[in-house]
Amino acid sequence: MKILTGNDLVSGDVIWWAGDGWSRQVGDSADVGERGDDLARTEEAALRVVGAYVIDATVSDDGVRPAHIKDRIRALGPTVRPDLMLKPNDADAGNWVI
Amino acid sequence: MYRYDSYDQSIVDARVEEFRDQVQRRLTGALTEDQFKPLRLMNGLYLQLHAYMLRVAIPYGTLSGKQMRKLGEIAAKYDKGYGHFTTRQNLQYNWIKLADAPDILAELATVEMHAIQTSGNCIRNISSDQYAGVSADEVADPRPWAELLRQWSSFHPEFTYLPRKFKICVIAGDDDRAAMKLHDIGLKLVERDGKIGAEVYAGGGMGRTPMVAPLINDFMPEDEIISYLEACLRVYNRYGRRDNKYKARIKILVHEIGVEEYKRQVEEEFAHMRTLGLNPPVEELDRIRAFFAPPAYDTGLSEDIDRADPAFALWVDRQVAAHKVPGYAIVNISLKPLTGIPGDASAEQIELVATLAEQYSLDELRVTHAQNLVLPHVKKADLYAIWQKLEEAGLAEANLDLITDIIACPGLDYCALANARSIPLAQKIAQRFAAAERQAELGELKVKISGCINACGHHHAGHIGILGVDRRGVENFQLSLGGSGAEDTSLGQITGPGFSEDGVVDAIEKVTDLYLAERESGERFLDTYRRLGMKPFKEAIYG
């Protein structure tokens with residue numbers, strides 16, 4: 001699947017296109033198919049996102065998983081700061097990145 | 001320390017308000033990101049992997065207690081309670097909100113700080129020796145020249161849009177603690193016939209094409225340094241490549257046209273510059289120099305240090321350096337706890353170091369390119385009290401220049417340019433070699449890790465250097481040996497095929513085992529490597 005990500009213009013937070021708006025959880029990502037670039041332009045013009053780009057991802061029972069490690073780290077947070085990761089209570093969260 | 005005059009302050013204040021307006025226009029859509037990006041970068045604001053990142057300039061790595069306290073306050077108020085000291089002697093905040101950025105810059109301006117010259121193709125923040133002014137071997141305190149260069153280069157109209165970024169370093173002694181020859185221009189102050197001048201090195205750097213800067217002038221009198229640098233920059237600005245950012249640094253120009261031709265062109269330009277009378281008046285350097293006059297040191301102090309506490313004695317032996325004034329010492333504060341993140345400090349730790357600087361170090365501290373901190377003016381009698389406070393705050397690691405004192409860039413955990421994570425690898429190496437006896441046995445051993453070819457982690461200059469690369473979406477690490485950023489500057493050589501994260505830690509253990517087996521009396525790891533060459537180390541690693 002193809003998903004759309006970027007950073008919230010105001011907060012800078014990593015955000016994921018969820019079909020009807022943006023989410024901070026990669027698991028909410030919607031398949032954007034071939035519409036990603038158009039969506040990115042529209043959403044950037046609406047000042048809701050900055051630096052939006054389309055990436056490949058897979059979906060399984062564990063949820064949506066970006067194909068590249070860089071985007072998995074974006075999705076999770078810095079692997080060296082478990083307290084700042086989006087899954088702070090998941091001791092195995094770091095392995096999801098690798 | 002230098003204090004802003006009314007010009008400095010008004011320039012910085014005006015810049016804050018200008019940026020406030022630019023941010024507002026971005027938030028209302030009057031500016032697109034393409035229009036806004038160069039403006040925010042001129043104020044040190046990047047968009048990184050997780051959020052906006054603000055890089056704050058710390059000119060030549062010198063801070064007052066008040067400035068340090070402000071950095072801690074900002075970390076607590078606007079960030080997630082910590083900051084990251086970098087290999088450029090700067091500080092980065094990782095979690096900044098765009099709307100907060102002007103307020104942060106306004107707060108910085110109240111303590112004579114800013115984020116100018118921390119990005120863009122301009123002359124960047126000037127770097128220097130963290131022992132400036134307190135080291136016995138220097139011919140002069142290099143900071144007045146560094147400050148003069150700061151003033152000359154800030155908003156220099158001719159050098160604001162160079163082919164690429166430009167880094168200048170000033171040192172003043174034979175011991176190079178600032179990787180001077182790995183800068184675009186390095187100045188080493190020297191004395192000749194009772195006069196101060198500078199050896200000028202040009203065309204050094206790391207990145208994807210590392211080069212050690214060659215000497216292009218062996219004595220430039222102090223009152224002509226600015227004109228000479230102006231000539232160096234003019235030639236670079238004129239002929240540096242703008243068609244390919246990977247070939248745009250001055251090192252490529254010097255390499256491609258040759259050192260002699262570059263020198264010839266600089267001399268020609270310099271001859272012209274001399275006719276223009278552009279050197280700053282001597283009185284200006286004297287005015288700046290007055291700010292760096294030696295502080296009012298006490299006299300008659302005891303040289304004794306009570307070493308009864310063994311942990312304290314170990315720390316003294318490793319972290320405390322000789323000061324030029326009797327009774328005083330230089331304290332190195334490690335930001336490399338064995339399970340921590342190299343260069344990171346919490347808001348509380350920053351606050352503590354600010355207080356220690358005020359109470360014990362004549363209100364001054366330094367940031368090192370090795371991502372540590374320095375209290376430059378400490379009475380030996382106060383060392384134990386300082387150590388106790390550092391110990392309570394997790395800042396008393398005794399590992400300066402040892403294998404666990406690792407330089408590591410933020411890597412893929414934070415940086416949008418990175419290909420691999422540097423910090424977890426640094427932590428694994430530190431844990432593998434954690435035993436104090438083992439570290440001491442290995443002696444001086446500088447490990448430097450970069451998460452990409454841009455080399456912010458100075459891997460080319462590591463006795464052991466590690467470069468993270470992306471191998472089809474998987475982190476891979478290249479090992480290099482034999483680099484140095486010190487006075488014996490050299491570039492490391494790659495050992496061979498790369499490794500996984502665990503594999504590179506094993507490989508380091510093999511090369512250190514070989515070093516211990518083969519070293520001769522008094523040899524550091526680097527010395528043994530240089531004597532034996534790569535072959536036996538390669539055999540030890542790859543079999």
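Guide: Gladly. Let us begin with burial: a residue is buried if 20 or more other C-beta atoms lie within 10 Å of its own, exposed if 12 or fewer, and partly exposed in between, with the C-beta atoms placed from the backbone. B:Gln117 counts as buried because 25 other C-beta atoms lie within 10 Å. As background, this is a predicted model: local features need pLDDT of at least 70, side-chain atom pairs count only at pLDDT 80 or more, and totals for chains, interfaces and linings use all residues. Residues are numbered from 1 along each chain as its sequence is written, while chains are lettered from A and ligands numbered from 1 in the order in which they are written.

Visitor: Where is B:Gln117 found, and what is its phi?

Guide: The general idea is that most residues other than glycine have a negative phi. B:Gln117 has a positive phi of about 65 degrees, though it is not a glycine. It is found in the loop between helix H4 (101-109) and strand E6 (127-128) of chain B. Helices here are DSSP runs (H or I, at least four residues), as are strands (E, at least two), numbered from the N terminus.

B:Gln89 also has a positive phi, of about 60 degrees, without being a glycine. Its loop runs between strand E4 (82-85) and strand E5 (91-96) of chain B.

Visitor: Is B:Gln89 buried or exposed?

Guide: B:Gln89 is buried, because 26 other C-beta atoms lie within 10 Å. For a contrast, look at B:Glu303, which is exposed because it has 10 such atoms within 10 Å. B:Glu303 sits in the loop between helix H9 (282-291) and helix H10 (310-319) of chain B.

Visitor: Which residues is B:Glu303 in contact with, leaving aside its neighbours within four places in sequence?

Guide: Two residues are in contact if their C-beta atoms, placed from the backbone, lie within 7 Å. On that basis B:Glu303 touches B:Pro326, B:Gly327 and B:Lys380. B:Lys380 is 77 residues from B:Glu303 in sequence, yet their C-alpha atoms are 6.5 Å apart in space.

Visitor: How should I read the overall build of each chain?

Guide: Start with the radius of gyration, taken over C-alpha atoms; the globule rule is 2.2 Å times the number of residues to the power 0.38. For the 543 residues of chain B, the rule puts a compact globule near 24 Å, and the chain's 23 Å agrees. Chain A has 98 residues and a radius of 13 Å, which agrees with a compact globule near 13 Å.

Chain B comes to 17 helices and 20 strands, and 54% of its residues are buried. Chain A has three helices and five strands, in the order β-β-β-α-β-β-α-α along the sequence, and 33% of its residues count as buried.

Contacts can be split by separation too. Among those with a separation of 6 or more, residues 24 or more positions apart account for 67% in chain B and for 45% in chain A.

Visitor: What does the largest nonpolar core look like, and which residues have the most contacts inside it?

Guide: A nonpolar core is a set of buried Ala, Val, Leu, Ile, Met, Phe, Trp, Tyr and Cys residues joined through C-beta atoms within 7 Å. The largest has 178 residues, and B:Leu54, B:Ala202, B:Cys232 and B:Val353 have the most contacts inside it. Helix H6 (residues 225-239) of chain B gives this core its largest share, nine residues. Leaving aside neighbours within four places in sequence, B:Val353 is in contact with B:Met68, B:Ile333, B:Leu365 and B:Leu373.

Visitor: And how many residues of each chain meet where chain A touches chain B?

Guide: The contact brings together 21 residues of chain A and 22 residues of chain B. On the chain A side, strand E4 (50-60) and helix H2 (69-76) each supply at least two residues, and H2(A) gives the largest share, four.
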